[in-house]
Each structure stands twice: as C-alpha cells, then as structure tokens.
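Subject: Structure handover

Hello,

Here is the structure we talked about. Please open it first, then read my notes below.

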Amino acid sequence: MKTYDVIIIGGGPAAIVTGITVKKFFKEKSVLMIKEEADGLVPCGIPYIFNLLGNDAGKNKMGPKPFVDLGGDVIVDSAIKVDKTAKKVLVKSGEEFSYDKLVFATGSKPVIPTFIPGHDLRNVFYVKKSFPYIHELASKISGFKNIVIVGGGFIGAEVAEQMAASEMNITLVESEPLCFSKAFSPELSAIATDVLRETKVNVMTSTLVKEITGENNTVQHVVLSDGRKIEADAVILSIGYKANSQLAEESGLELNRFGDIHVDNYGRTTVKDINAVGDCAQTFGFLTGRSDVIKLASTATAEARTLGHNIFGIRIKKCTSGTLGVFSTEINGLAMAAAGANEKNAGESGVELISAKFSSPDRHPGGLPGMTNLTVKLYASPVDGSILGGEAWGGKSAGEIINIISLAIQKSITVFELISFQVGTHPLLTASPVNNPIIRAAEDIVYKMTYS
C-alpha cells in the first residue's frame with residue numbers, strides 16, 4: 001500500500017488547483033489525485049459544445065497536466081471508502097492508499113426532480129459535469145427536432161440559446177416570472193429574459209412542469225400544470241446542483257442543511273486532517289455570514305488556492321470573510337454580469353442598499369467601430385457608502401468590469417474612494433475618462449447620500 005502526503009478525491013477545477021498549489025509550494029510533498037474519468041471538461045463551457053464548439057467537443061476538455069508536470073500522481077478510478085481512523089482510501093479496483101492529509105473535491109451533481117413523474121424516461125437528460133456524458137448527449141440530440149429545457153438559470157438558458165442556433169425547436173420552461181432571477185436583480189433579470197426571447201428559444205416563464213409522458217418508456221410530451229402539452233423528442237432538466245457528498249457522509253464527515261460538507265474558512269472539516277473544497281464544500285455568504293449555496297468554478301478555485309497554501313498549517317491568512325457570488329453570461333450578444341447584493345437578495349437578507357446606474361459608450365468617441373453601450377449599476381451601504389454589490393451589461397468588457405466591482409466589495413471600498421479611482425483609458429479600449437460608468441455611478445450614489 002502506497003502512502004501519500006496528500007490525497008485528493010476529484011478531478012475538477014478545485015481538485016486541480018489544490019494539487020497545483022500544493023506541488024508548487026511544497027515540492028517535496030507527494031500528492032495523489034483520484035479522478036473518476038480520464039477526460040474532464042470546463043464546466044462553464046458545457047453549453048457551447050452544442051453550437052459554438054461544433055463537433056470538436058474536445059476543445060472543452062480540461063485535464064490535470066499542470067499538476068502532473070509539477071510531479072503529482074493521477075489515477076483514474078473511483079474512491080469507494082475512506083477510513084478516517086486508519087487514514088486510508090479504498091478505490092473500486094481494490095487498491096488502497098494511505099494519506100497524511102485528505103481533500104474531498106468531489107464537486108456537484110444535478111438535482112434530480114423525483115417529484116416530476118416521468119423524470120426517468122428515456123431521452124430525459126441532465127447537464128452533468130462529465131465529459132463523456134455531455135459528449136454523448138450532444139451526439140444523441142443532434143437528430144432530434146423538439147427539445148424542452150426545464151430551468152431558466154445560467155446553464156439552462158445558455159444551453160437553450162446554443163441549441164436554438166441550429167434547426168431544433170427549443171422551448172425553455174421556467175417556474176419563476178423571470179430567468180436568471182437567482183443571480184441578477186429584477187431589472188437585469190428582465191433584460192436577460194427579454195434578450196433570450198429575441199433568440200429562437202420559446203421562453204415560458206411562470207410555468208410549472210406537471211409531468212413528463214411518453215410511450216415505450218421514451219419521452220413524447222411535457223405536460224404543464226395548466227394542462228398544456230409540449231411535444232418533446234428530448235427533455236433536459238436543469239434545475240440546479242447539489243453537493244456530491246455521499247462518500248464524505250459515509251466516511252463520517254459532518255454535512256450542513258444543504259448537504260454540503262461542513263468546513264471552516266480554510267477548508268478544514270470537523271475531522272482532523274480531512275479537508276473539502278469546491279462545489280462539495282460549504283460556503284458562507286460574504287455579506288450575511290450564513291451558509292449559502294454558491295457552486296462556481298471561479299469561487300472553487302479561489303478556495304482551492306487558500307486550501308493548498310494552508311493544508312500543512314496556516315501560512316496565508318484568508319483575506320475574505322466568505323464566498324462572494326460573481327456571475328457573468330452572454331445571451332444573443334449581450335454580456336451581463338453581477339456580483340454581491342442587489343435589491344432582491346438584499347431584501348431577503350435584511351440588508352439596506354442605495355443604488356445608482358450610469359450608461360456610456362465603451363469606446364470614445366462613441367462612433368468608433370465595435371462600440372457598445374455599457375451600463376454599470378452599483379449598490380452601496382446608505383450608512384458608510386461601502387460597495388455591497390454591482391451589475392454590468394453591454395459589451396464583453398462587462399465580464400471584467402464586474403471583477404473590478406467584486407474586488408471593491410471584497411476590500412470594502414466606498415463610493416467616496418471610487419470617485420477618485422484612477423483609471424487608464426484608450427479610445428479603442430475603454431469608455432471616456434469623463435464618463436467612466438463605475439465612477440459616475442458612484443458619484444450618483446454620493447449625490448443621493450448627500451441630498452436625499
């Protein structure tokens with residue numbers, strides 16, 4: 001039986017970054033990664049396998065090569081048992097490995113709506129974070145005509161848009177009045193839903209699925225709560241993800257009320273020398289400090305770096321008090337992004353906000369080729385002006401604009417500081433220095449705080 005200093009169970013972004021960080025900063029330590037599939041994939045790139053990436057789904061592969069290049073070991077197998085007392089991991093092939101430190105990076109899996117009759121019929125699919133499964137799904141649906149997608153969050157909407165670019169008839173069913181409502185404010189959710197409706201997708205909001213029906217165990221229709229039927233050759237259910245934490249629970253680890261592995265700010269579980277990171281691990285809301293459900297590759301990799309640096313003892317202080325949700329997407333050419341608090345989620349958490357938005361061309365002068373209008377909306381504390389959230393929509397720069405706002409939130413920057421924010425500009429690359437939308441939105445909040 002071989003012994004490793006660190007064993008990582010999982011092969012996704014959190015596992016890879018944990019492994020890279022440990023091998024980079026603790027070169028003498030031996031690290032084993034146990035992953036179930038030889039090929040991984042970029043989770044956020046899944047929707048584009050159905051159109052933009054064409055038949056070359058291999059472009060969406062993601063593997064542990066950077067970790068291996070640093071001297072890490074990888075086996076393709078399934079961990080089936082962890083003995084936390086003997087500090088051993090048993091894999092499906094029968095091999096056992098012992099460890100000094102263990103990391104669960106087992107990711108998440110789609111929520112299965114067992115409450116919907118017919119959820120298990122043939123040609124009912126899920127958006128699994130599995131390269132073989134998604135590759136096979138893309139191949140299977142290529143000959144279908146009518147596809148119903150249930151769930152209007154990021155994955156459901158993006159998959160719908162990509163599939164609709166072909167000759168398929170795509171219907172998206174969302175139970176909420178607006179798509180993207182869990183990530184965006186009501187204003188931006190409405191904009192995103194309207195933009196999605198401008199594509200070839202038939203978007204049905206405020207609509208519930210009652211049943212999936214078929215013959216010979218194969219789907220034929222989706223039945224709505226009002227009795228309407230939608231013809232379907234295939235149904236894709238995309239109503240969220242939950243932690244893949246069964247092995248952890250069987251190993252005696254504590255889970256929270258969402259089924260996530262309970263961890264502290266440094267990824268340490270309640271069992272000595274066992275850690276958890278990424279989608280399988282508990283997150284705490286940045287503003288509320290309460291358990292939250294944020295399952296993003298971006299946050300997973302940030303947590304993995306912290307864990308990797310501190311796995312053998314706290315060396316680097318974690319500088320953030322929780323996990324900040326930062327989201328971005330592009331639908332029908334409109335880039336949209338959000339971070340932190342907005343009117344909806346702040347109201348649910350009892351957080352008071354003041355907001356302002358500003359729009360300007362993202363080139364100057366505005367007549368330059370490639371110009372798009374960029375809107376930035378900031379949310380701040382009405383007491384001290386600290387930035388609590390933000391949104392941006394327009395051209396592709398919105399994706400990086402939201403990262404600037406995310407940093408402002410994490411570092412408790414105030415609108416007063418943003419007024420003197422020094423930026424670099426260029427006519428072909430940025431908005432005018434006179435009308436930088438972040439600065440102008442901050443200025444409007446200061447005006448409201450001063451005169452309202």
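Helices (H or I, at least four residues) and strands (E, at least two) are DSSP runs, numbered from the N terminus. This is a predicted model: local features need pLDDT of at least 70, side-chain atom pairs count only at pLDDT 80 or more, and totals for chains, interfaces and linings use all residues. Residues are numbered from 1 along each chain as its sequence is written, and side-chain values use heavy atoms, with hydrogens and water left out.

Start with Thr306. This residue sits in helix 7 (residues 297-310). Thr306 is buried, at 17% relative accessibility. Buried means under 20% relative accessible area, exposed over 50%, and partly exposed in between (1.4 Å probe, protein chains only). Beyond its neighbours within four places in sequence, Thr306 is in contact (heavy atoms within 4.5 Å) with Asn265, Tyr266 and Lys318.

Two strands pair if DSSP finds at least two bridges between them. Strand 14 (residues 209-215) and strand 15 run antiparallel, joined by six bridges. Thr213 has His221 of strand 15 as its bridge partner. Two residues lie between the strands in this hairpin, and Asn216 takes a positive phi near 55 degrees there. Strand 15 also pairs with strand 16 (residues 229-231), antiparallel, over three bridges. Here Val223 stands opposite Lys229 of strand 16. That hairpin has four residues between the strands, and Gly227 takes a positive phi near 95 degrees. How many residues of strand 15 (residues 218-224) are buried? Five of the seven are, so the strand counts as mostly covered under the under-20% cut-off.

Eight bridges join strand 24 to strand 25 (residues 373-380).

Gly395 is in the loop between strand 26 (387-394) and helix 9 (398-410). Is Gly395 buried or exposed? It is buried, with a relative accessible area of 8%. Gly395 and Glu330 are 65 residues apart in sequence, yet 9.1 Å apart in space, C-alpha to C-alpha. Leaving aside neighbours within four places, Gly395 is in contact with Ala335, Asp362, Thr372 and Asn373.

Last, Phe421. This residue is in the loop between helix 10 (415-419) and helix 11 (437-451). Phe421 is partly exposed, at 31% relative accessible area.

Best wishes
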